[in-house]
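Here is a walk through one model, from a loop to the sheet and then to the core. Keep the coordinates open as you read.

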Amino acid sequence: MVFKKNYPNQLFHLALITAEEILGKSGLNAILNFAKLQKFIGNYPPDNMEMEHTSEDFARLTAGFIDVMGEKGARSLLFRGGVRAFEISHEQFPALFDLDGVEPENKVPEKMFDEFKRIYQIIVDASINMYGDIYKFYDCEEGVTLEMSPCIWCKDIKTEKPICFVQLGYQHGVTRWVLGKPAKVEEVECIAAGDDKCKFIIHRPK
Ligand SMILES: [Zn+2]
């Protein structure tokens with residue numbers, strides 16, 4: 001499975017406006033400096049679908065967070081970034097992940113996790129379109145599993161423990177929207193930490 005070569009400006013625009021909201025302008029500028037992404041300081045990519053970014057830009061942003069905050073500090077900020085990235089994209093760019101007009105439909109409590117799976121499948125399909133065929137999404141004992149290999153967030157990064165917390169935060173945001181409260185999410189394997197894939201479990205609420 002391989003990455004697509006390029007990604008739309010809107011995706012990196014989203015990443016930078018989200019990071020600025022979390023860190024403030026000067027905090028984000030420090031990270032862009034460490035991440036060797038100085039060309040984006042005060043110069044965010046335009047909000048359009050031109051394909052001008054590579055997976056390196058996203059992984060460098062993760063690496064910049066780790067350089068500036070340390071691995072542990074980076075994790076909680078990346079998680080918050082993922083939550084906000086979902087909320088901002090859902091409000092401002094719903095078409096980016098094919099969520100334009102998509103609403104949770106079957107609100108019977110025992111059907112809500114199936115409803116979540118239906119909607120998350122739409123997001124996974126949109127992501128495959130954008131990033132390439134790097135995903136597996138399937139039922140598991142705890143709920144559902146998402147696998148990414150390779151991974152846009154941790155390409156060429158080495159960490160002690162899993163680091164793809166943007167993905168986890170995004171999942172937290174989607175479950176909170178569909179289920180009315182966030183489900184438990186965890187990254188149980190991570191390429192940066194030496195595994196052969198990044199593996200996320202979204203738990204079915206009890
Ligand atoms: Zn990863």
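Predicted model: local features only at pLDDT ≥ 70, side-chain atom pairs only at ≥ 80, totals over all residues.

**From a loop to the core**

K36 sits in the loop between α1 and β2. The phi of K36 is positive, near 60°, although the residue is not glycine. Most residues other than glycine have a negative phi. Is K36 buried or exposed? K36 is exposed, because 11 other C-beta atoms lie within 10 Å and the cut-off for exposed is 12 or fewer.

D98 belongs to the loop between α2 and α3. Here the count is 16 other C-beta atoms within 10 Å, so D98 is partly exposed.

The backbone has another feature to check. S149 and P150 are joined by a cis peptide bond, with omega at about -5°. Most peptide bonds are trans. P150 lies in the loop between β4 and α4.

Now go back to the helix that K36 follows, α1. How far does α1 span between its end C-alpha atoms? The answer is only 21 Å, whereas a straight helix of 26 residues would span 38 Å at 1.5 Å a residue. Look at G24 next: α1 bends there by about 115°.

The buried residues of α1 include L11, F12, L14, A15 and L16. L28, I31 and L32 are also among them. Some buried positions are of other types, including Q10, H13 and T18. The cover over the buried residues of α1 includes β1 (7-8), β2 (51-53), α2 and α3.

Q92 is placed in helix α2. Q92 and L14 are 78 residues apart in sequence, yet their C-alpha atoms are 9.5 Å apart in space. Q92 counts as partly exposed, because it has 13 C-beta neighbours inside 10 Å.

Next comes the sheet. It is open and has 4 strands, in the order β3-β4-β6-β5, with antiparallel pairing. β3 (135-139) and β5 (185-189) are at the edges. Each has a single partner strand, so one side of each is left without a neighbour in the sheet. From one strand to the next, the twist averages 20°.

Take β5 and β6 as a close-up. These two strands run antiparallel and are joined by 4 bridges. E189 stands opposite K199 in β6. α4 packs on the sheet and touches β5 and β6; its direction makes about 25° with that of β6. α3 lies across β3 and β4, and runs at about 170° to β3.

What lies at the centre of the packing? Nonpolar side chains tend to be buried together in soluble globular proteins. In this model, the largest nonpolar core has 55 residues. A15, C151, W153, C154, C164 and C198 have the most contacts inside this core. At least two core residues come from each of α1 (9-34), α2 (55-92), α3 (112-131), β4 (143-148), α4 (165-179) and β6 (198-203). α2 gives the most, with 13 residues.

Finish at C198. Beyond its neighbours within four places in sequence, C198 is in contact with residues including C151, C154, C164 and C190. E147, M148, S149, E187, E189 and I191 are also in contact with C198.

Technical notes:
Residues numbered from 1 in each chain as written. Core = buried A, V, L, I, M, F, W, Y, C linked by C-beta atoms within 7 Å. Buried ≥ 20, exposed ≤ 12 C-beta atoms within 10 Å, placed from the backbone. Contact = placed C-beta atoms within 7 Å. Expected span 1.5 Å × (residues − 1). Bend = angle between axes of the 7 residues up to and from the residue. Pairing = 2+ DSSP bridges. Axes fitted to C-alpha atoms, helices over the stretch in contact; angles between N-to-C directions.
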